[in-house]
Amino acid sequence: MSERDLAVLAVERRGWPGPGAKERAIREQLGMSPTRYYQLLNALLDDPRALEHDAVTVNRLRRVRAARRARR
């Protein structure tokens, strides 16, 4: 996994105090738009290396993604 991939997972692992804080951190810390961030994050959820690196975060996000898909 790349440094960027690890940074994306690290941002997602954190708790965020309020609306906008996470998006601001994505722009400032990672230098990318929130849209690009979520595209990369979604791809990471299907990467077995991401699961191996941070199983708790990846499994939590997989459950959230599955629930959203089920509601459609």
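This note goes through a helix pair, a pocket and one glycine in the predicted model.

1. On the basis of the model: this is a predicted model, in which local features need pLDDT of at least 70, side-chain atom pairs count only at pLDDT 80 or more, and totals for chains, interfaces and linings use all residues. Residues are numbered from 1 along each chain as its sequence is written, and side-chain values use heavy atoms, with hydrogens and water left out.

2. On the helix pair: the axes of helix α2 (residues 21-30) and helix α3 (residues 34-44) come within 9 Å and cross at roughly 85°, the axes being lines fitted to C-alpha atoms over the stretch in contact, with angles from 0 to 180 degrees between N-to-C directions. Therefore α2 is roughly perpendicular to α3, a term that covers angles of 65 to 115 degrees. Helices here are DSSP runs (H or I, at least four residues), numbered from the N terminus.

3. On the residues between these helices: Lys22, Glu23, Ile26, Arg27 and Leu30 of α2 meet Pro34, Tyr37 and Tyr38 of α3, where contact means heavy atoms within 4.5 Å. By class, this contact of α2 with α3 has 5 nonpolar, no polar and 3 charged residues.

4. On the lining of the largest pocket: 13 residues line the pocket, and Asn42, Leu45, Val64, Arg65 and Arg68 lie nearest its centre (lining residues have an atom within 4 Å of a point on a 1 Å grid). Helix α5 gives the most to this lining, with 6 residues.

5. On glycine 20: this residue lies in the loop between α1 (3-13) and α2, and is partly exposed, with a relative accessible area of 29% (partly exposed lies between buried, under 20%, and exposed, over 50%, with a 1.4 Å probe and protein chains only).

Technical notes
Helices (H or I, at least four residues) and strands (E, at least two) are DSSP runs, numbered from the N terminus. Angles under 35 degrees count as roughly parallel, over 145 as roughly antiparallel, 65 to 115 as roughly perpendicular and the rest as oblique. Ala, Val, Leu, Ile, Met, Phe, Trp, Tyr, Cys and Pro count as nonpolar, Asp, Glu, Lys and Arg as charged, and the others, Gly among them, as polar. On a 1 Å grid over the protein atoms alone, a cavity is a set of points where a 1.4 Å probe fits but cannot get out, and a pocket is an open set with protein on both sides within 12 Å along at least five of seven lines; lining residues have an atom within 4 Å of a point.
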